[in-house]
Amino acid sequence: MSETAMDLVNLKKNIGSKHIIKGLNFSINKGEVFGFIGPNGAGKTTTIRMMVGLMQISDGDVRILGKSVQSDFKKAVAKVGAIVENPEMYPFMSGLQNLKHYARMTPGVTKERIHEVIKLVGLEKPIKQKVKKYSLGMRQRLGIAQALLHNPSVLILDEPTNGLDPAGIREIRQYIRKLANEENVAVIISSHLLSEVEQMCDRIGLIKNGEMVTIQHVNDVTAQEKTTQVLMEVTPIDDAVDILKNELVLEAAVTDDGITIRCEKDKIPGIIKTLIHHDVLVYQVTTLKTTLEDKFFDLIGENTIG
């Protein structure tokens, strides 16, 4: 059984009479990458700020390795590393000088640990260059290295791929997975880039209007779908639609790419056989994977991402 790294217990935030966060309850395990997603204004950053003590909790608690942020703040956050938005670095100092500077402010960080995190984030070659010469992806990796200096059990990253090009996003994704797998760190990622969360995370928590809508394993998003969406390139289209609707009793929608239907996967061969039997030419059949984004829109509503 996985060891719990962080617990949110009925966490609430009120500003005046307005309820911003309305009683969040969930746990994050060591070695897990947890995606915290939702539309803009859903309460992601407010929750993260309460997790790390940057914002006062109105009610409830955050427990990190069993220590309460409310009653034992110093011990609770001692094992937390965090990057909220872009990491701040000294541009005229090298990456190594930046890390040494932060290490001096953190008790117990050895030279060995500094070189360990440099290797972990793959910055061995450019570490002696000035940070002003770093790409955005390299700065993010240096920021992660800084957040890891004190061997945290929990790493919180708010929009870690913000402003990165596709190559930089891929780099950060790989390092985050490596941290979880090799260092057994619980990584919490707040993001609105759903395709990235899908590729990076083990579980996702979906927040809307300060409430958790659902928490599920990323792999379960598609596994729980009993039916599959199928795109078929056929001719004549009118005959195919008629057969699908009247003989096979399936909803068929005509698109620019062909006909889409939804059915159980094991029914597809029989559907093709029926169409061919009625002299419909079937050129191509593609099953369309349900993505996290599809699921997100189903749960949140299509027009609410800001």
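**Close-up 1. The buried residues of helix H5.** Gly137, Met138, Gln140, Arg141, Leu142, Gly143, Ile144, Ala145, Ala147 and Leu148 are the buried residues of H5, where buried means under 20% relative accessible area, exposed over 50% and partly exposed in between, with a 1.4 Å probe and protein chains only. The model is predicted, so that local features need pLDDT of at least 70 and side-chain atom pairs count only at pLDDT 80 or more, while totals for chains, interfaces and linings use all residues. Residues are numbered from 1 along each chain as its sequence is written, and side-chain values use heavy atoms, with hydrogens and water left out. Because ten of the 13 residues of H5 are buried, this helix is largely enclosed by the rest of the structure. Its buried residues pack against strand S6 (80-84), helix H3 (95-104), helix H4 (111-120), strand S7 (154-158) and helix H6 (166-183), contact meaning heavy atoms within 4.5 Å. Helices (H or I, at least four residues) and strands (E, at least two) are DSSP runs, numbered from the N terminus.

**Close-up 2. The length of helix H5.** At 1.5 Å a residue, the 13 residues of H5 (residues 136-148) should span 18 Å, which agrees with the 18 Å between its end C-alpha atoms; the expected span is 1.5 Å times one less than the number of residues.

Close-up 3. Four strands form an open sheet in the order S2-S1-S4-S5, with antiparallel pairing, two strands being paired if DSSP finds at least two bridges between them. Strand S2 (18-29) and strand S5 (67-68) stand at the edges with a single partner strand each, so one side of each has no neighbour in the sheet. Helix H1 (residues 44-51) packs on the sheet and touches S1, S2 and strand S4 (59-64), its direction making about 115° with that of S1; axes are lines fitted to C-alpha atoms, for helices over the stretch in contact, and angles run from 0 to 180 degrees between N-to-C directions. Nine bridges join strand S1 (residues 4-15) to S2 in the antiparallel sense, and Lys13 stands opposite Ile21 in S2.

Close-up 4. The largest pocket has a volume of about 550 Å³ and is lined by 21 residues, of which Val80, Gly81, Ala82, Gln146 and His150 lie nearest its centre. Helix H2 (73-77), S6 and H5 each supply at least two residues of this lining, and S6 gives the most, with five. The largest cavity, of about 30 Å³, is lined by Ile83, Gln140, Ile144, Leu157, Pro160 and Ile172. On a 1 Å grid over the protein atoms alone, a cavity is a set of points where a 1.4 Å probe fits but cannot get out, and a pocket is an open set with protein on both sides within 12 Å along at least five of seven lines; lining residues have an atom within 4 Å of a point. Grid points are joined across faces, edges and corners, and a volume is the space filled by probe spheres set on the points.

**Close-up 5. Ala186 in strand S8.** Ala186 lies in strand S8 (residues 186-191) and, at 0% relative accessibility, counts as buried. Leaving aside neighbours within four places in sequence, its contacts include Ala5, Ile28, Ser153, Val154 and Leu155.
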